[in-house]
Amino acid sequence: MERTEELRRISTLARQDVVQMIYEAHAGHVGGSLSIMDILTALYYGVMNVDPRNPQWEDRDRLVLSKGHAAPALYVTLMNKGYFSREHLGTLRKMGSILQGHPDMRKTPGLDFTSGSLGNGLGLGNGMALAARLSGKDYHTYVILGDGELQEGTVWESAMTAGAKKLSNLTAIVDINGLQVEGAVKDIKDLGDLRGKWESFGFAVTEVDGHDMEQLYPALLRTKEPHDRPMAILAHTVKGKGLSFAEGQMNWHKGDFTPENYAQAMRELKEALEG
Amino acid sequence: MKQLLGEAVNECLSELVEENDKLVVLNADVAKSVGIREFGRTHPDRFLQMGISEQDMVLTACGLASCGYIPVVSTFAKFGSLRVAEQISTFAAYPRQNVKILVSHGGISPAGDGVTHQSVEDLGAIRAIPGMTVIEPYDGNSCKALMRLAVEHPGPVYFRMNREKLPLLPPTELELGKGVELRAGSDIPILAIGGMVALALEAAVSLERESGISAAVYAIHTLKPLDEALIRTLAETYGALVTAEEHNIQCGLGEAVSRVVTDSCPVPVGKVAIQDTFAQSGAYAELLAYYHVAPADIAACVKATLERKSRR
């Protein structure tokens, strides 16, 4: 209970940093960053075996942010973990920054792979998981995908590979916030029975509320327990989570804060910390 | 004596895997056609059968490379270029991953299979990706030497093989990015890539015999980075060049050479290439003749280019 309380607090502080980062950049993917904030916090603060002082450590757990547009959430997590200093926070999307609009593994310490073009992260993660198997290492690879992203066919090529090769050292986490750029996922192209799809591709499936640390954190911890197949965690989330005016709002997929809604966002998050 | 490049590459990879514990070969259900089935049999622990999913195969390779492996993915040229162009660009080239894309069926050489399995645009597509190295060997010996260099080279490489058996030429010392003279000549140099090297040598012999024209032949086995210094020197020395490739005239060797020539020493550049068209099924020799990339076409282009030079 204390641990999950602490994770919640870290996550709310990280949300403030995401708002600050995007406010200073005048653009950024607010909705999808905030929907995965709790997932990233639980992973980096409670589950993943990483060393911010040694980002290239061979035995580290890996993370691929397949939905690369949620970069601000990952950048803030890496920054707060100490991979790079806070002075970079205001440089997102600016010329010469280590914080590109979408993740660039050669620019940002702590990024395990470049991403941003949807549908490609699971295959990259498979490669990392196979590398662990080939070299006898026991690190785990996590891939975070968006639900809209599952419309990309490559996701299912890679899901089939993970299932067929029984990559039990790989976990796919699907951020199901229900929205994509032009509307609701179910209206644009309904994903159908997601649990059934992942199970039929050979994954052990867990469904959680992606903002409830009491569910999310233990589910992520279980990925480290011995099992015989890849895992899929279907995390039901809210796009823009934490900001009343952005939650579930399509127009906050990508946005810019006015001084007014920036102030409101910071106020709401402060209240959440105090509440 | 002729040899399939796939046979040569299988031999080379089998040697390399004994020396390098990071080498791993991935295939998309065409190991036999590419020529590396034997590798898969003898090194099952270093061979990943990925099934018919080329995009996933390239992504998997990029993930492996990020963990220090040297993955060689193998398929046909069309599928190893256009089908996976974005994966190569964004996940291999942009983050400079050490991935090797080994493809067979380059050009119109899978002659009977027809257009869906031929590839006349792959070199152009891959050449346009920043940071790529693009290689096409011209016989079994060069294939072995170049595959070794490709694996030793840190960074993404596209390695294109012709599907036909090609005449074995005497082994030569090769260096990535350096064209190599295979026949001396005093009138004009022919710069050829891939299977066209042997055809250019054939053309040079007949030019000498029938027309008294002395043509040099250079193998340009590395399309990118291109041997610009050699091309400049040849342009200055001879005042005219001919290029020969089993690829569309758009965006291939001829245009690459022309850019160097126009930037440094503008002289006529005759181009033997597929004339912006898809081919069809047929016997290889018939196709070469029909699409004007046969030895006779190279010879005709040499004469026409010398004629252009003399009119200047």
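First, the ground rules. Residues are numbered from 1 along each chain as its sequence is written, while chains are lettered from A and ligands numbered from 1 in the order in which they are written. Since the model is predicted, local features need pLDDT of at least 70 and side-chain atom pairs count only at pLDDT 80 or more, whereas totals for chains, interfaces and linings use all residues.

Confidence next. The model scores ipTM 0.97 and pTM 0.97. For chain B, the mean pLDDT is 97, and 100% of the residues reach 70 or more. pLDDT is the predictor's confidence in each residue, from 0 to 100.

Let's start with chain A. It has 10 helices and seven strands. These are DSSP runs, numbered from the N terminus: helices are H or I with at least four residues, strands are E with at least two. The C-alpha atoms of chain A fill a box of roughly 50 × 45 × 40 Å, taken along the principal axes. With 275 residues, a compact globule would have a radius of gyration near 19 Å, and the 17 Å of chain A agrees with that. The radius is taken over C-alpha atoms, and the globule rule is 2.2 Å times the number of residues to the power 0.38.

How much of chain A is buried? Of its 275 residues, 53%. Buried means 20 or more other C-beta atoms within 10 Å of the residue's own; exposed means 12 or fewer; partly exposed is in between; C-beta atoms are placed from the backbone. Contacts next. Two residues are in contact if their C-beta atoms, placed from the backbone, lie within 7 Å. Among contacts in chain A between residues at least 6 apart in sequence, 76% join residues at least 24 apart.

In H3(A), nine of the 11 residues are buried. Among them are Met37(A), Asp38(A), Ile39(A) and Val47(A). Now H9(A), residues 213-221. Its buried residues are Met213(A), Leu216(A), Tyr217(A), Ala219(A) and Leu220(A). Viewed down the axis of H9(A), they fall within an arc of 165 degrees, so they line one face of the helix. The arc is that of the directions from the helix axis to the C-beta atoms. As background, an α-helix has 3.6 residues a turn, so residues three or four places apart point the same way. What covers the buried residues of H9(A)? The cover includes helices H1 (2-25) and H3 (37-47), plus strands E6 (204-209) and E7 (231-236), of chain A.

On to the interface. Here 20 residues of chain A are in contact with 22 residues of chain B. On the chain A side, H5 (121-135) and H6 (153-164) each supply at least two residues. The largest share, nine residues, comes from H5(A). By class, this side has seven nonpolar, 10 polar and three charged residues. For the classes, Ala, Val, Leu, Ile, Met, Phe, Trp, Tyr, Cys and Pro count as nonpolar, Asp, Glu, Lys and Arg as charged, and the others, Gly among them, as polar.

Gly127(A) is buried, with 36 other C-beta atoms within 10 Å. What does it touch, leaving aside neighbours within four places in sequence? Leu59(B), Thr60(B), Ala61(B), Cys62(B), Gly63(B) and Leu64(B).

Now chain B. Its secondary structure comes to 13 helices and 14 strands. The radius of gyration of chain B is 19 Å, close to the 20 Å that the globule rule gives for 312 residues, so it is as compact as a globular protein of that length. Of those 312 residues, 57% count as buried.

Chain B is divided into domain 1 (2-167) and domain 2 (180-307). Those bounds come from an automatic or database domain assignment. The C-alpha centres of the two domains of chain B lie 25 Å apart. Across the boundary, 30 residues of domain 1 are in contact with 27 residues of domain 2. The domain 1 side divides into 13 nonpolar, 10 polar and seven charged residues.

Last stop, Val30(B). It is found in the loop between strand E2 (23-27) and helix H2 (31-34) of chain B. Val30(B) counts as buried, with 20 C-beta neighbours inside 10 Å. Leaving aside neighbours within four places in sequence, Val30(B) is in contact with Thr75(B) and Phe76(B).
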